[in-house]
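Subject: Handover of a structure and its findings

Dear colleague,

Please find the structure below, followed by an account of what was found in it. I would ask you to keep it open as you read.

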Amino acid sequence: MPKLQVFLPDTDEVSYDLTGDTVTLGRLPDNTIQIDDISVSSHHLQLTLSGGDYHLKDLNSTNGTRLNGNPVTEALLHGGDKLRIGKIETVYQSEIQTPVEKRELPAAELAHATVASSSVRPVDFSNASPFRMKKQKKDSAGRGIFMVAGLAIAAFIGVMVFIFMMQVQL
């Protein structure tokens, strides 16, 4: 019997037996499996039984669903698959074990790129960094303290030299 292990933040794992032909997961109590977490949508995903395993369908959730680390909207689940529902980690367990190398790859999505109409070389690359540059602050109080300390050290050395010279003359 397929199971879904849910790892909730502040509690131990909870294991759910998947018995129905259709199982819904979400934050609201009208779901088959309720996961009361803010990152889970009210009706997050649906699992439909298909040949002994379940087929996952994301129900346009806000934070999305990840299957083994990859974003997914629909996929056939296999034993050992790791699902991330919002921020909640789960593991799908099945009696049917499909080796990882025999599983089908997710469908490739075509990336759409737009060619820029013009381009200008930047004067400097300071704006290319994602981090803001720290502005150098002028600390006049700190400078004043260092100047007074330097004068005090110079005066001390001068007095010591003067005292040493007086002792030599005696």
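**Overview**

Of the 170 residues in the protein chain, 25% are buried (under 20% relative accessible area; exposed means over 50% and partly exposed in between, with a 1.4 Å probe and protein chains only). The model is a predicted one, in which local features need pLDDT of at least 70 and side-chain atom pairs count only at pLDDT 80 or more, while totals for chains, interfaces and linings use all residues. Residues are numbered from 1 along each chain as its sequence is written, and side-chain values use heavy atoms, with hydrogens and water left out.

The protein chain holds one helix and eleven strands; these are DSSP runs numbered from the N terminus, helices being H or I with at least four residues and strands E with at least two. Their order from the N terminus is β-β-β-β-β-β-β-β-β-β-β-α. The accessible surface comes to about 13,400 Å², and 58% of it belongs to carbon and sulfur atoms (Shrake-Rupley method, 1.4 Å probe; for residues, only the protein chains shown count as cover).

**The core**

Which residues have the most contacts inside the largest nonpolar core? They are L4, L18, L25, L47 and L77, in a core of 20 residues. Such a core is a set of buried Ala, Val, Leu, Ile, Met, Phe, Trp, Tyr and Cys residues joined through side-chain atoms within 4.5 Å. Two or more residues each come from β1, β3 (22–26), β5, β6 (53–58), β10 (82–85) and β11 (88–93).

Leaving aside neighbours within four places in sequence, L47 is in contact (heavy atoms within 4.5 Å) with residues including L18, L25, L56 and L77. E74 and L56 are 18 residues apart in sequence, yet 5.4 Å apart in space, C-alpha to C-alpha.

**A buried serine**

S39 lies in the loop between β4 (33–34) and β5 (45–50). Is S39 buried or exposed? S39 has a relative accessible area of 4%, so it counts as buried. Its side chain is joined to that of D37 by a polar contact of 2.5 Å, that is, a pair of N or O atoms within 3.5 Å; within protein, one must be able to donate a hydrogen and the other to accept it, and residues adjacent in sequence count only if both atoms are side-chain atoms.

**Salt bridges**

Side chains of opposite charge can pair when their charged atoms come close. A salt bridge is a side-chain nitrogen of Lys or Arg within 4 Å of a carboxyl oxygen of Asp or Glu, and by this rule there are two. One joins K3 and D17 (4.0 Å, N to O). This pair links distant parts of the chain, with K3 in strand β1 (residues 3–7) and D17 in strand β2 (residues 13–17), 14 residues apart. The other joins E89 and R84 (3.7 Å, N to O). E89 is partly exposed at 38%, and R84 is partly exposed at 34%.

**The helix**

I163 is in helix α1 (residues 140–169) and, with a relative accessible area of 39%, is partly exposed. I163 belongs to a nonpolar surface patch of about 1,100 Å², whose members include F156, M160 and F164. Patches are made of residues with over 30% relative accessible area and no salt bridge, like charges being joined within 9 Å and nonpolar side chains (Val, Leu, Ile, Met, Phe, Trp, Tyr) within 5 Å.

Yours sincerely
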